[in-house]
Amino acid sequence: MSTHLLLIQGLNGLQLGILLFLIAAGLTLVFGVMDFINLAHGVQYMIGAYLAAWIAAGTGSFWFALLLALPLALALGLLLEFLVFRHLYDRDHLQQVLATFGVILVVNQGVKLLFGAAPLQVPMPELLSGGIPIMEGLLYPTYRIAIIVGGLATAGLLWWLVERTKVGMLVRAGATNAPMVAALGVDINRLFMIVFGFGAMLAGFAGVLAAPILSVEPGMGDNLLILAFVVIVIGGIGSIRGAFIAALLVGLVETLGRSLMPDLMRLFLSPSEARQVGAALASMLVYIAMAAILAFRPAGLFPVRAG
Amino acid sequence: MLPAVRAEAPAILLLAALAAAPFLGFGEGYMLTLLARAMILAMAAVSLSLLVGGAGLVSMGHAAMMGFGAYAVVILDDMGVTDAAIVLPTAIAAAGAFALATGAIAIRTSGVHFIMITLAFGQMAFFTASSLAGYGGDDGYTLYSRSDVLGLRLLDDRLAFHFICVGALALTWLLGRLLLASRFGRVLRAAKGNPLRAQALGFDPFPYRLTAYVIAGAMGGAAGFLFANATEFVAPAYISWQRSGELLFMVILGGVAGLHGALIGALGFVLLEEWLSHQWEHWRILFGVLLILAVLFLPNGLSGIPAQLARVARR
């Protein structure tokens, strides 16, 4: 029984890690290339989920929602870039933090105004409902498997784009030294726009994927955003590879900790105390890991910039 | 007027206005409660501004300092100790000790990594508080009564509490101001401007920064003590990263050039929030737009407006 549980929690952790990676990938690139702290990145994830909910409710098809939500999320991301973010690139980090916090307030409340505060449900696509037997007597939801596979495929595509194409080369160069790239005659503003738009779309994609298994509600991106920041700091800012490994690490630690910690604590404490202390410790694990990693490797696991 | 006095005029005027507020028609209960809340948060914001503006240490876990102060009140209250002469020093010491332990690790990093590691410590404090089942866990803890001062129920009187808050805020500001003007503050600023050069002059920034971090933490603890007494209730939500973020936004909104920026920012933030929330159900949209506009058009924050106007007028 406990191996079953471990396997299921491991897969759940993997799936959380994949979602985190899709959000963190854009965040780490925007931060690494543009030196721009975008607290409103979690908003893109929420926008993706709401677009999926809205289109799925209108058309009745998840696939249609997936197809339409991506370009719409991209368009909304670029609109925000044009209206607000573009004017903040040459400001200091503190001002970026304050202004993007303003964007979070506006979009969260705007969503509440348009769709109400109650969580929305998105029906699971027919094709992917049900489960897949992964061990004898153990079914795992097909949809969650699909998220893992889809996310891994996206990560592969991203790796190819960044490592093997010309635009990817510019992005990597930008993450190492953006002013130098601009001095070499590359239109850095266009590069910024591509990076930003792509990051926004990835976060929106994560939102669409998460919509059928999580409740779609205002502010749903805020807590994931903090975890995504943890991911990019652990992974090393600007590093896609670091973000991928750190995202899986954080996803697994978060999920496994939640199911194992209370049991572990029961060895020392009474059951009710164990539940409470275990839950608190589990929530803390990710932050303890981050503090420990930063204490010994202040630039993260895979630093991009030297010094 | 002496230039030194003129530079402090905004803060002194603001503090004087706060002291006079009960006599200018803001004396009823609701208004005093709101002002007390604004002033206590301003205390925390001023102490955070000491770190951000003075030392270049952008902490995203400052609410934890308030939390330690507030939970010191809770734990002593549970033990039946309510005398401020014991509770307040304990609150300050608890927050200072937490700042010392976490600061010693956090200050090794800088920039964004410092933001994240202070966030991490703040979250640890948050989850610890929510696991304290004996003190209400997630639901929080309602105090039996406010602290008393050597047996006197001084904090119960609204007007007295108002003046205690004004005094505490003034003291925090004055202490921070003196610190920044001292030799200690100059080393901090030098290390903020160019750590390498400060080191070359023989000043290792680490002990200076750590001392500043502990002092700011202790001030935050004092603010937490007052906050617990103002609301007579303490919950883990006081330590959430959102609260730390809010404190940081107050500092940035006001401007980091001087400590009076944090005063203006905190009062502006709390009062604007309160006023807008009575205007429209979806007031957060307006609040967010105002924050964005403030950043776009007021690069030096609210406290930079006079200088900005003067520059426009001169043109």
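Student: What is the bridge partner of Gly131(A) in strand 2 of chain A?

Tutor: The partner of Gly131(A) is Pro141(A) in strand 2 of chain A. Helices (H or I, at least four residues) and strands (E, at least two) are DSSP runs, numbered from the N terminus. This is a predicted model, in which local features need pLDDT of at least 70, side-chain atom pairs count only at pLDDT 80 or more, and totals for chains, interfaces and linings use all residues. Residues are numbered from 1 along each chain as its sequence is written, and chains are lettered from A and ligands numbered from 1 in the order in which they are written.

Student: How do you know that strand 1 of chain A and strand 2 of chain A pair?

Tutor: Two strands pair if DSSP finds at least two bridges between them. Strand 1 of chain A and strand 2 (residues 138-141) of chain A are joined by four bridges, so they pair, and they run antiparallel. Their hairpin has two residues between the strands, and Gly137(A) there has a positive phi near 70°.

Student: How confident is the predictor in chain A and its elements?

Tutor: The term pLDDT is the predictor's confidence in each residue, from 0 to 100. Chain A averages 87, with 99% of the residues scoring at least 70. Among the elements of chain A, strand 1 (residues 131-135) has the lowest mean pLDDT, 80, and helix 2 the highest, 92. For chain B the mean is 89, and 98% of its residues reach 70 or more. The model as a whole scores ipTM 0.83 and pTM 0.87.

Student: What makes the span of helix 4 of chain A agree with expectation?

Tutor: The expected span of a helix is 1.5 Å times one less than its number of residues. Helix 4 (residues 93-115) of chain A has 23 residues and should span 33 Å; its end C-alpha atoms are 32 Å apart, and therefore the two agree. Gly116(A) follows helix 4 of chain A and has a positive phi, near 85°.

Student: Why is Gly300(A) called buried, while Asp35(A) is called partly exposed?

Tutor: A residue is buried if 20 or more other C-beta atoms lie within 10 Å of its own, exposed if 12 or fewer, and partly exposed in between; C-beta atoms are placed from the backbone. Gly300(A) has 25 such atoms within 10 Å, so it is buried. Asp35(A) has 19, and therefore counts as partly exposed. Asp35(A) lies in the loop between helix 1 (2-34) and helix 2 (41-59) of chain A, and its phi is positive, near 55°.

Student: Which residues does Gly300(A) contact, leaving aside its neighbours within four places in sequence?

Tutor: Two residues are in contact if their C-beta atoms, placed from the backbone, lie within 7 Å. On that basis Gly300(A), in the segment after helix 10 (271-296) of chain A, is in contact with Val233(A), Ile234(A), Gly235(A), Gly236(A), Ile237(A) and Gly242(A).

Student: How many residues of chain B are in contact with chain A, and what gives the most to that side of chain B?

Tutor: By the contact rule, 33 residues of chain B are in contact with 33 residues of chain A. Helix 5 of chain B gives the most to that side of chain B, with 11 residues.
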